[in-house]
Amino acid sequence: MSAKHEKYQRLIEFCKSLPPTPTAVVHPCDRSSLEGALQAAKLGLIEPILVGPRDKIEATAKAADIDISACTIVEAPHSHAAAEAGVRLVREGKAEALMKGSLHTDELMGAVVQRDSGLRTARRVSHCFVMDVPSYEHALIVTDAAVNIAPTLEEKADILQNAIDLAHALRVDDVRVAILSAMETVNTKVPSTIEAAALCKMVDRHQITGAVVDGPLALDNAISLEAAKIKKIDSPVAGRANVLLVPDLEAGNMLAKSLSFLAGADAAGIVLGARVPVILTSRADSVMTRMASCAVAVLFAKWRREGGKLLA
């Protein structure tokens, strides 16, 4: 593997030493989703349970020359039923993670967040990118760039706690969160700065736990010690952040894609806040990114099993 994948490679290698995580792969009816699941199984990351119409899954496997003879297939007639069946496997204790196949994200997440039959917890569901940026020393967790469009302060508290929990699951020793805005001072005309200040006070009052948190911080002084020094910001987070909480989905989406397309970063991602991690892969994802997403889910599932806190 190239040096740019070093952080992901270490993550995957560690997960190879763990038992594979039983994972419901929902509607894997195209080559990329089926192949991704089988590649993760070959590496020993997951134990895939293929959920969907058996004839379509088998036809996809035959067309792609993929051997699925060792896989369990749970019959579901269409994608909506497959999402419900995947959630049911989790509720029955047969799966410890969900993996998106060839269905819309909204369809899968709709089954996950169903009030009575889904996998809801007391937490808001949110998405985390775990980004391998070649020029940055640490892996960067960016949240939320995919699920919550314009989160409220209350929702941001959950999004922040989800990201902190993920950092602990990834064995980050010193979790340092930068709450991002366009500036590093509180400005009544910029609501994200006020919410950042409120979140920091919630950390002080132990309403959010497990990390050193500071904000508002602009992106430059969140990740560059030199920028923080120039602006005379005295903070244990500034210049050293390994978790970035963005103001809204638009900002997060642009940040993640800028890192990917301008800085050569890879972006593994999972959804947290449900009873189990949800792996949301894209057809555009590289093989390394798909495997890293599975590895992130494996570590989070392990953390949950071993007593990680997530309100049920």
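# Questions on a predicted model

Visitor: Which residues of helix 5 (residues 105-112) are buried?
Guide: This is a predicted model, in which local features need pLDDT of at least 70, side-chain atom pairs count only at pLDDT 80 or more, and totals for chains, interfaces and linings use all residues. Residues are numbered from 1 along each chain as its sequence is written, and side-chain values use heavy atoms, with hydrogens and water left out. Helices (H or I, at least four residues) and strands (E, at least two) are DSSP runs, numbered from the N terminus, and buried means under 20% relative accessible area, exposed over 50%, partly exposed in between (1.4 Å probe, protein chains only). In helix 5 the buried residues are Leu108, Met109, Ala111 and Val112.

Visitor: Against which elements do the buried residues of helix 5 pack?
Guide: Contact means heavy atoms within 4.5 Å. The buried residues of helix 5 pack against strand 1 (21-26), helix 4 (79-91), strand 4 (97-100), strand 10 (266-272) and strand 11 (278-279).

Visitor: What is the angle between the planes of Phe300 and Trp303?
Guide: Rings of Phe, Tyr and Trp (its six-membered ring) pair if their centres lie within 6.5 Å; planes under 30 degrees apart count as stacked, over 60 as edge-to-face and the rest as tilted. By this rule the count comes to 1 aromatic pair. Phe300 and Trp303 both lie in helix 11 (residues 287-305), 3 residues apart, and both are buried. Their pair is tilted, with 5.3 Å centre to centre and an angle between the planes of 35°.

Visitor: Which peptide bond is cis, with omega near 5°?
Guide: Most residues other than glycine have a negative phi, and most peptide bonds are trans. A cis peptide bond joins Thr143 and Asp144, with omega about -5°; Asp144 is found in the loop between strand 6 (140-143) and helix 6 (153-169). Pro216 has its place in strand 8 (residues 212-217). The cis bond with omega near 5° is the one from Gly215 to Pro216.

Visitor: Is His27 buried or exposed?
Guide: His27 lies in the loop between strand 1 and helix 2 (31-42). Its phi is near 55°, a positive value in a residue other than glycine. With a relative accessible area of 8%, His27 is buried.

Visitor: What is the relative accessible area of Lys232?
Guide: Lys232 has its place in the loop between helix 9 (225-230) and strand 9 (243-245), and its phi is near 55°. Lys232 is exposed, with a relative accessible area of 73%.

Visitor: From which element does the largest share of the lining of the largest pocket come?
Guide: On a 1 Å grid over the protein atoms alone, a cavity is a set of points where a 1.4 Å probe fits but cannot get out, and a pocket is an open set with protein on both sides within 12 Å along at least five of seven lines; lining residues have an atom within 4 Å of a point. The largest pocket has a volume of about 1,100 Å³, where grid points are joined across faces, edges and corners, and a volume is the space filled by probe spheres set on the points. Of its 38 lining residues, the closest to the centre are His127, Phe129, Ala145, Ala146 and Leu280. The largest share of the lining, 5 residues, comes from helix 10.
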